[in-house]
Amino acid sequence: MSDARTELEAMLGPAVGEPVHATLECEEDLAWAWAAHRALEALLAQTEGAEELVAERPRPAFPADYEIERVIGEGGMGVVYLAHQ
Amino acid sequence: MSESVARQLWSCTRQGEAAAYERLFALQIEPLLVYIRLRLGAGLAAKIEPQDVLQEVYLAAHRSFAQFEYTGKAAFFRWLCRLADNRLRDWHDHFAARKRQAVEIPRSAPTGPVTALGRAEDRQRIEQALQRLEPDHRWVLLLRYFEGLSNEAAAERMQRTPGATRKLTARALVALGKALGKKP
């Protein structure tokens with residue numbers, strides 16, 4: 001959960017002269033907060049047309065002996081396809 | 001990461017493409033209605049239709065579109081949320097007395113049926129979970145995520161210290177996560 005903690009800490013803003021808050025110290029709370037953060041970020045992504053971007057992204061060229069079945073997932077860095085050789 | 005569709009649409013709109021303008025606004029409708037319904041609260045919700053607020057916001061956005069700059073994540077949506085917040089803050093005082101001007105609202109962004117359904121379910125789930133939170137938890141998340149305010153700006157609006165606001169945001173996220181009932 002270290003990435004989650006880093007991203008959440010960045011979102012929460014700088015700790016401003018207060019004692020370190022304990023809220024996200026517990027791993028379980030960190031997981032709950034992370035789930036909420038991701039859900040809100042996904043909602044914001046809708047307003048940016050994230051799904052349209054994926055839909056409009058042209059398919060890359062594949063080697064001739066690969067048969068593409070479907071998209072498994074996608075993210076900021078690329079798309080993962082299920083393929084058979 | 002590639003440029004978002006919304007930002008591309010904004011660039012095209014600046015070059016005078018009317019279709020891009022329509023699509024850019026259309027993308028925002030459903031999420032903006034979520035914000036408006038949450039922001040209205042029980043008191044105002046009985047008196048004001050979210051669609052009316054939406055219409056007011058789009059009219060205000062249309063008028064001041066030239067001043068908007070696409071700066072960061074979800075910048076356009078967050079700008080609309082802040083406009084909505086401004087409208088709602090003085091709604092009682094001004095709106096009733098003003099002559100309402102009709103503005104045509106574009107339809108929601110067209111997408112495939114499965115995607116559209118999935119998105120609608122996600123939005124509804126988040127809206128219901130936010131609705132169940134304590135008012136201050138809901139408010140801080142609306143300020144930070146929807147309006148895109150910094151911790152300091154949110155603190156000022158809530159008349160709390162930045163430290164207290166930071167803690168409140170953390171607690172609000174934990175509460176929302178539990179209300180959503182889903183851990184990653």
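1. R157(B) and D85(B) form a salt bridge, with their closest N and O atoms 3.1 Å apart. A salt bridge here is a side-chain nitrogen of Lys or Arg within 4 Å of a carboxyl oxygen of Asp or Glu. The pair links distant parts of the chain: R157(B) sits in helix α8 (residues 151-158) of chain B and D85(B) in helix α4 of chain B, 72 residues apart. Helices are DSSP runs of H or I with at least four residues, strands are E runs of at least two, and both are numbered from the N terminus.

2. Basis of this note. This is a predicted model, in which local features need pLDDT of at least 70 and side-chain atom pairs count only at pLDDT 80 or more, while totals for chains, interfaces and linings use all residues. Residues are numbered from 1 along each chain as its sequence is written, chains are lettered from A and ligands numbered from 1 in the order in which they are written, and side-chain values use heavy atoms, with hydrogens and water left out.

3. How exposed are the partners R157(B) and D85(B)? R157(B) is partly exposed, with a relative accessible area of 23%. D85(B) is buried, at 1%. Buried means under 20% relative accessible area, exposed means over 50%, and partly exposed lies in between (1.4 Å probe, protein chains only). Salt bridges that share partners join R39(B), D85(B), R89(B), E147(B) and R157(B) into one network.

4. D85(B) also forms a salt bridge with R39(B), and here the closest N and O atoms are 2.9 Å apart. D85(B) lies in helix α4 (residues 75-89) of chain B and R39(B) in helix α2 (residues 18-45) of chain B, so this pair ties together parts that are 46 residues apart in sequence. Both D85(B) and R39(B) are buried.

5. E27(A) pairs with R5(A) in a salt bridge, the closest N and O atoms being 2.7 Å apart. E27(A) lies in helix α2 (residues 27-47) of chain A and R5(A) in helix α1 (residues 2-12) of chain A, so the pair ties together parts that are 22 residues apart in sequence. E27(A) is partly exposed, with a relative accessible area of 44%. R5(A) is partly exposed too, with 24%. Over all chains, the count comes to 12 salt bridges.

6. Chain A, overall. Chain A has 3 helices and 2 strands. Along the sequence they follow the pattern α-α-α-β-β. Of its 85 residues, 34% count as buried. Contact means heavy atoms within 4.5 Å. Among contacts in chain A with a separation of 6 or more, residues 24 or more positions apart account for 22%. Chain A exposes about 5,100 Å², and carbon and sulfur atoms supply 56% of that area. Accessible areas come from the Shrake-Rupley method with a 1.4 Å probe; for residues, only the protein chains shown count as cover.

7. Chain B, overall. Chain B has 9 helices and 0 strands. Buried residues make up 48% of its 184 residues. Among contacts in chain B between residues at least 6 apart in sequence, 67% join residues at least 24 apart.

8. Which residues touch the most other members of the largest nonpolar core? They are L32(B), L141(B) and F146(B), in a core of 72 residues. A nonpolar core is a set of buried Ala, Val, Leu, Ile, Met, Phe, Trp, Tyr and Cys residues joined through side-chain atoms within 4.5 Å. The largest share of this core, 14 residues, comes from α2(B). Leaving out residues up to four places away in sequence, L32(B) touches L54(B), V57(B), Y58(B), F77(B), L80(B) and C81(B).

9. Helix α1 (residues 5-14) of chain B has V5(B), A6(B), L9(B), W10(B) and T13(B) buried. They cover an arc of only 140° around the axis, which puts them on the same side of α1(B). The arc is that of the directions from the helix axis to the C-beta atoms. Just after α1(B), G16(B) takes a positive phi of about 90°.

10. Helix α9 (residues 162-180) of chain B has 19 residues, which at 1.5 Å a residue should span 27 Å; its end C-alpha atoms are 26 Å apart, which agrees. The expected span is 1.5 Å times one less than the number of residues. Buried residues in α9(B) include G163(B), R166(B), L173(B) and L180(B). Just after α9(B), G181(B) takes a positive phi of about 65°.
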